[in-house]
Each structure stands twice: as structure tokens, then as C-alpha cells.
Amino acid sequence: MDFNVKIVKSNSEKELVLSIRKEVFIRGLNIPEHMEIDHNEDLATYVLAYIDNIPVGTARWRETKIGIKLERFAVLSEYRSNGIGQKMTKFILKNLHKSKIIYLYAQKSAIKFYEKLGFKSVGNLFEEVGIKHQKMIYIFDGK
Ligand SMILES: CC(C)(COP(=O)(O)OP(=O)(O)OC[C@H]1O[C@@H](n2cnc3c(N)ncnc32)[C@H](O)[C@@H]1OP(=O)(O)O)[C@@H](O)C(=O)NCCC(=O)NCCS
């Protein structure tokens, strides 16, 4: 299996990002389209993960007032548990300046996934789009 992660540069790649997000978040998790496709679309940087040239995963990051926020992690259900989410996250972390706070709002079900990648929970669970979330901060291990 040939695995690859790329930063999205073209409109056609952005269309692939949207089709994965529609499948995973809008159809899969019943998140309303107007909440999933938000006002940060053009401000964020996106990645696409490919297996054998098939686009199977995506995520994005963007600068906020407090640091860099990672979001919209999605792997098509039939390709999960193959390490794609992990490889995609490591690729993103390598591309970010560690001098800034790197954080995310994890869905409760994904907290363990992010813990394995070096994120630590801060504060209490809160609700967003009807789903329990946890703020998590990346603790850089110096590598
Ligand atoms: C969360 C998600 C992106 C993970 O992608 P993935 O490709 O399946 O993850 P990986 O295969 O890289 O898993 C890495 C590790 O995290 C663990 N893990 C992954 N998802 C997990 C989950 N939901 N709960 C607990 N552990 C999880 C895996 O078991 C694996 O552990 P290991 O290294 O000990 O084997 C994917 O499940 C997904 O798209 N979920 C639906 C959308 C979602 O919830 N996005 C996150 C929003 S915050």
C-alpha cells in the first residue's frame, strides 16, 4: 500500500477535501452543512491523505488569536484504523512552528486518538454542534 500526504494547492484538490468532509461529517455524523462548511474555509490550510492515489483523509489548520488550531480530521470509514489519521497528524505537526500554541477541539470519541499523538486535555468537556468536545493542546516532545 502506497501512502502519501500532501498540502492542498488546487481547487480540484479542495473539492476532494469537501467530498470527504461531506461523507464523514455531514452524512456520517449528521453535522448540518452550514456548520461544517464555515466562514474559515478560505483562511485554513488543508491536507489530503492518499492510499494508492485514492484520496481517503483530510484535515486542516488555521491561525487563531491564541495559536494554531487543527480541525476537520476525517478519514473515510472503510480506510480507518490503518494509521492514516496518525500519519496525517504527524505530517501537519512537522509543518507547524512549535513556538505557537497548537491546539484542537477533539470530539469525545477521538480523545484517545489525539492523546497517542502527544495532545493533552485542558479544561472540561463542552458541547459543539450537539457533540461533546474536549480542548487539547499539543505538548512538543522536542523531536
Ligand atoms: C478520528 C479519525 C480521524 C482517526 O483516523 P484513523 O485513520 O482511523 O486513525 P489511526 O488508524 O491513525 O489511529 C491511530 C491510533 O489511534 C487509535 N484511534 C483511532 N481512532 C480512535 C477512536 N475513535 N477511539 C480510540 N482510539 C482511536 C487507533 O486505535 C490507533 O491506535 P494504535 O496506534 O495504538 O493502533 C477517524 O476515526 C475519523 O475520521 N473519525 C470520524 C471523524 C472524527 O471523529 N474526526 C475527529 C474530530 S475531532
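This briefing covers the salt bridges, the ligand site and a few single residues of the structure above. The model is predicted: local features need pLDDT of at least 70, side-chain atom pairs count only at pLDDT 80 or more, and totals for chains, interfaces and linings use all residues. Residues are numbered from 1 along each chain as its sequence is written, and side-chain values use heavy atoms, with hydrogens and water left out.

**Salt bridges**

- The whole structure holds 14 salt bridges, a salt bridge being a side-chain nitrogen of Lys or Arg within 4 Å of a carboxyl oxygen of Asp or Glu.
- One of them pairs Glu 36 with Arg 21, with 2.6 Å between the closest N and O atoms.
- Glu 36 belongs to helix α2 (residues 33-36) and Arg 21 to helix α1 (residues 11-27), so this pair ties together parts 15 residues apart in sequence.
- Helices (H or I, at least four residues) and strands (E, at least two) are DSSP runs, numbered from the N terminus.
- Glu 36 also meets Arg 72 in a salt bridge, at 3.2 Å from N to O.
- That pair links distant parts of the chain, with Arg 72 in strand β4 (residues 68-75) and Glu 36 in helix α2, 36 residues apart.
- Arg 60 and Asp 38 form another salt bridge, at 2.9 Å from N to O.
- Arg 60 lies in strand β3 (residues 54-63) and Asp 38 in the loop between α2 and β2 (45-51), so the pair ties together parts 22 residues apart in sequence.
- Through shared partners, salt bridges join Lys 14, Arg 21, Glu 36, Asp 38, Glu 41, Arg 60, Arg 62, Lys 69, Glu 71 and Arg 72 into one network.

- Buried means under 20% relative accessible area, exposed over 50%, and partly exposed in between (1.4 Å probe, protein chains only).
- Arg 21 is buried, with a relative accessible area of 1%.
- Glu 36 is buried at 3%, and Arg 72 is buried at 16%.
- Arg 60 and Asp 38 are both buried as well.

**Ligand site**

- The ligand sits in the largest pocket.
- On a 1 Å grid over the protein atoms alone, a pocket is an open set of points where a 1.4 Å probe fits, with protein on both sides within 12 Å along at least five of seven lines.
- A molecule sits in a pocket if more than half of its atoms lie within 2 Å of the pocket's grid points.
- There are 20 residues around the ligand, and Phe 73, Val 75, Gly 83, Gly 85 and Gln 86 come nearest; a residue is near if one of its heavy atoms lies within 4 Å.
- At least two residues of this shell come from each of α1, β4, α3 (84-94), β5 (102-107) and α4 (111-115).
- A polar backbone atom of Asn 82 is 3.3 Å from an oxygen atom of the ligand.
- A nitrogen atom of the ligand lies 2.9 Å from a backbone N or O atom of Ser 109.
- In the side chain of Lys 116, an N or O atom is 3.0 Å from an oxygen atom of the ligand.
- Taken alone, the ligand exposes 910 Å², of which the protein buries 73%; accessible areas come from the Shrake-Rupley method with a 1.4 Å probe.

**Asp 2**

- Asp 2 is placed in the segment before β1 (3-7).
- Asp 2 counts as partly exposed, at 46% relative accessibility.
- The C-alpha atoms of Asp 2 and Asn 53 are separated by 7.7 Å, although the two residues are 51 residues apart along the chain.

Conventions:
Polar contact = N/O pair within 3.5 Å; in protein donor to acceptor, adjacent residues only side chain to side chain. 1 Å grid on protein atoms, 1.4 Å probe; cavity = no way out; pocket = protein on both sides within 12 Å on 5 of 7 lines; lining within 4 Å.
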